[in-house]
Amino acid sequence: MEYLKVGFPGGLKVDAKLRGHTISTDQPVGAGGEDSAPSPFELFLGSIATCAGIFALSFCKNKGLSTEGMNISMELEKDRSTGLISKIYLNLQLPEGFPKKYESAIIRAMDLCSVKKHLHNPPEFEINTVE
């Protein structure tokens with residue numbers, strides 16, 4: 001069953017269409033693109049942070065806690081020998097007055113992110129050509 005369809009609107013732009021939405025990507029100018037949208041890898045990193053954010057938001061909503069001023073920042077550590085990311089830090093800025101007793105619980109909630117779970121148990125990939 002087809003989940004999404006990717007198209008090539010020009011230059012180094014690549015768009016994915018799913019459920020009536022278009023996810024646009026482009027490459028930075030330094031890589032030959034126009035930098036008109038995030039790169040696919042930036043979307044990948046964004047999906048990790050926003051997934052954790054959904055779980056943090058849901059936690060607060062379920063507990064009746066304010067999310068005003070709450071945000072998540074991401075920091076990356078790279079392995080110099082491979083150029084790949086070796087560690088991702090998700091830093092949750094809690095809202096003012098957030099109860100101390102819930103700090104470890106909201107972190108556990110963020111840890112349930114399905115994007116992160118797929119990284120721990122990656123799917124098998126099969127690439128085919130079709131006519």
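Which elements each supply at least two residues of the lining of the second largest pocket? Point 3 takes this up.

1. This is a predicted model, in which local features need pLDDT of at least 70 and side-chain atom pairs count only at pLDDT 80 or more, while totals for chains, interfaces and linings use all residues. Residues are numbered from 1 along each chain as its sequence is written, and side-chain values use heavy atoms, with hydrogens and water left out.

2. Two or more lining residues come from each of β2 (13-18), β3 (21-25), α1 (40-63) and α3 (114-120), and α1 gives the largest share, 6 residues. Helices (H or I, at least four residues) and strands (E, at least two) are DSSP runs, numbered from the N terminus.

3. For the second largest pocket, with about 260 Å³ of space, 13 residues form the lining, and Ala52, Leu90, Ile107, Met110 and Asp111 are the closest to its centre. The elements asked about above are α1, β5 (85-93) and α2 (103-110), with the largest share, 4 residues, coming from β5.

4. By class, the lining of the largest pocket has 16 nonpolar, 6 polar and 2 charged residues, whereas that of the second largest pocket has 10 nonpolar, no polar and 3 charged residues. Here Ala, Val, Leu, Ile, Met, Phe, Trp, Tyr, Cys and Pro count as nonpolar, Asp, Glu, Lys and Arg as charged, and the others, Gly among them, as polar.

Technical notes: On a 1 Å grid over the protein atoms alone, a cavity is a set of points where a 1.4 Å probe fits but cannot get out, and a pocket is an open set with protein on both sides within 12 Å along at least five of seven lines; lining residues have an atom within 4 Å of a point. Grid points are joined across faces, edges and corners, and a volume is the space filled by probe spheres set on the points.
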